[in-house]
Amino acid sequence: MMAMIGSSAGFDRDERCAERRPHLLRGGARWLACASVRRLLDLFARPATRHPVWVLIGLGLVSAVMGWFATKLEMEVDLAAFADDQSDVVASLDRVQREFGVAEGAVQVLIDAGPGGNVLDADGLRTVEDVRERVEEVLGDRIRNDADGAPAVRSLARIATDALERRGESLRETGDEQARGALADLFALEPQLARFVSFERDMDVPAARATFVLVELEPGLSDEARLAAAQEVDRLFADEGVEVEPGELRVLVFGADLLIDGLLEEVESEMPMLLGLALAVVLVLLWFILRSAVDLLVGLTGLVMIVVWTIGLIVILGPQVLGWRGPFSQIGIVIPVLLVGLGIDYTVHLMFRHREQRSAGDRSAVAARRSMHTVGAALVLATAATAVGFASNAAAPLSVIADVGIFTAVGVICAFVVMALLVTAVNTLRGRRAVAATTRVRHHTTDRLLAAPVWVATRAPVAALAVGGVLAVSALAASSELETTFDTSDFVPRDSDIGAIFAVQSELFGGDLAETTYVIVDGDLGDPRLLGAMLVGHQALGRIDHVRSVDGEAEARSIATLALAAARELTGEPDPDLTSLAAGVDDLRPLYDQLRDAAGPAVVAELLADDASAAVIHIQTMAGTGSDTERMGAQIEAAFGPVVAAGGTITLTSEQLVLSEMAEELRTFQARSIVVALVAVLTLLVAYFGLLRRQPTLGMAALLPAAFSASMLFGAMWILGISFNPVTSTITAISLGIGVPYGIHVVNRFTEEVGNGRDPVAATRATIQRTGMALTGSALTTLGAFVVLSSSGLEPVRQLGLLGALSITFALLGALLIEPGALLLWARRRLTRAARAATASGVVDWR
């Protein structure tokens, strides 16, 4: 943070050179670069020093406008919504919903009797039936109707009630023995009914800890209507409990809409909390460093403006106004906290430089202008490099990652603009009484703290580079072992209500009860051979992991299984041979018409296209979004290989497959993201130092801390067991954003010391001693923001906070232990070459 105190003479020299002695420059490109930087700084220094009041008024007005836009911020937390519309999997899922009218939402009501409890005795079944009846009463016509016109509410208690009534008995009056007998008969006849009970069960009794009621909503309902329906059911059972041995029965309501809504509430409450904590932590550190109430107020005002401007621009760039970028996501909640940690550096650099100039006797306006023209040049480079590092994520294949990179880059630019104008204007208005005492540093303490870095850099520079290189390469090698996850549930706090319900559901039933994988079959479904091939595929499904099945029979339905059920009813055989029944039949379309009459057009429409040119198979699965989904998908494709052999084509799709595809794209991007980011930043640094200093290799040296930090983070993730996810995938850009300014400060200080006539070893020692503590102070300030992130209730954000703290540590180590040694070796090589080609005057050009 304080790295620029006294370390910008090199920049100041270049500005004077560009302004007064352009004829001495070697080439017009360098003169143009110098002049361009000066003009850019003049854009901020002149109005802020000549018309500071108007500048402050202008900042306030712009902040008010941006604040109005910021209030319009809307958030999208369903990661599937950020999927690529051009993806075949996404297009296929949209086709299933559009052409086959598949229900888009379901409400899942879990009835849990607790460990050792039983919901399958008479009392438990009566309770489950009460739950079903109350849900139907509350939701009414918002429930989809089955073929027989009855509400599409799936419940084991409903099935048991019908079975008892066929025996002439009533569930309301039956005892445990009659209930168990009815259930035993049902499970024997239809083993698939076991899907309605939890994994903790004993089918011989039968007994089970939990069951559920699945309510399928009308597919035409809007997102708001589906959410409202789920919330009504949730409120219905919010405070209920019915005694079921051995303890209280719990009624838990779950659904995709409730999950998204709960996540939205958590994220919306997290962002202001994290931002408030970050501001508090950073301001405490700022007071410790500056010890000035005015400076503290300026810093706070600037940070608030930065956040407001950034959020306002996010809204303007987003779909609500210009539509150039996507909506704000839960990943974006880290942006304001990052900007607090990064933005405060601008205040400190400019404040300390202003204090230095005032102590030298400059008037306020002169000191403010000189501060901008000296330290401001370094901040311009740091801003550009940091913005480029974040903006490199724009190459990400997933819009949600690309947008975060672009939004953060915009925020970094806002930070420079706001602080350059605000701090310069305030410093201009401060009278001569505002001369502040410079920060006092006990040099003997500093020397002790930095003794090790000085020794390493001056005595063993080659060893430092070698060790750093080996560590970085080893860490990069470990990155090949990192996993990639992409799941909305990762952002659900485990200690929240929705998180607790999600955990219970996963424990008792293996995941989302409504998870369905669809297989689209294209071809002539009037051909009996194609229908028979579909049945062969159905038989193979029961042997596939993560496909819900009972006694080897998969929970799947299609036009083939509907025809099989009709054949069973027609022949009375439990396993009729459809091939024999269809012998001599060339076209099954008349059969499908009969099925529409018997089962209802709505039922057949979910399974078969009107012209019998396509069909969809609904498979109940529980693979989630990890690698299991990909393996399961490949096995399902293999199971329906006979369909392809019979002349049809198959396409798999599901929301889980969409997320898995996004995870694979993210995994691929990670393999090249660090290269893209490093090349982009390196190009900028090499161009800058090549044009203004005629030393492009200094740009490579300035990148060393960032490159070391980014590499080491991959090894840290492997050791800590942290996977790549939509949040941690941004860590490469963050590590560059943090590490590059450190490298720039060290290069600037070193070239200044050499330019002042020090030999390479003395220049290295002075660079570490005079800049090292300043970099440490900067690291502590930014570290405070990441510590705040690590306290988040959202696991990916907490992981990012930890990785960010490690990134700062690695960047600081690279700046103090590796980069100075590299600069020392560079200077020695330059000295040797200069000595060989020395002119008669013996002057060596170090610039």
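## Cavities

On a 1 Å grid over the protein atoms alone, a cavity is a set of points where a 1.4 Å probe fits but cannot get out. Welcome to this predicted model, in which local features need pLDDT of at least 70 and side-chain atom pairs count only at pLDDT 80 or more, while totals for chains, interfaces and linings use all residues. Residues are numbered from 1 along each chain as its sequence is written, and side-chain values use heavy atoms, with hydrogens and water left out.

Four cavities of 30 Å³ or more are found in the structure. The largest cavity holds about 190 Å³ of space, a volume being the space filled by probe spheres set on the grid points, which are joined across faces, edges and corners.

## Around the largest cavity

Lining residues have an atom within 4 Å of a cavity point. There are 15 of them around the largest cavity, and Leu342, Asp345, Ala382, Thr386 and Pro741 lie nearest its centre. Sorted by class, the lining has eight nonpolar, six polar and one charged residues. Here Ala, Val, Leu, Ile, Met, Phe, Trp, Tyr, Cys and Pro count as nonpolar, Asp, Glu, Lys and Arg as charged, and the others, Gly among them, as polar.

Which helices each supply at least two residues of this lining? They are H11 (334-359), H12 (364-391), H27 (731-755) and H28 (760-789). H27 gives the most, with five residues. Helices are DSSP runs (H or I, at least four residues), numbered from the N terminus.

## H26 against H27

H27 also packs with helix H26 (residues 697-720): their axes come within 7 Å and cross at roughly 145 degrees. Axes are lines fitted to C-alpha atoms over the stretch in contact, and angles run from 0 to 180 degrees between N-to-C directions. This crossing is right-handed, meaning that the near helix is turned clockwise from the far one by less than a right angle.

In contact (heavy atoms within 4.5 Å) are residues including Ala706 and Phe714 of H26 and Gly739 and Val747 of H27. The contact of H26 with H27 divides into 15 nonpolar, six polar and no charged residues.

Conventions
1 Å grid on protein atoms, 1.4 Å probe; cavity = no way out; pocket = protein on both sides within 12 Å on 5 of 7 lines; lining within 4 Å.
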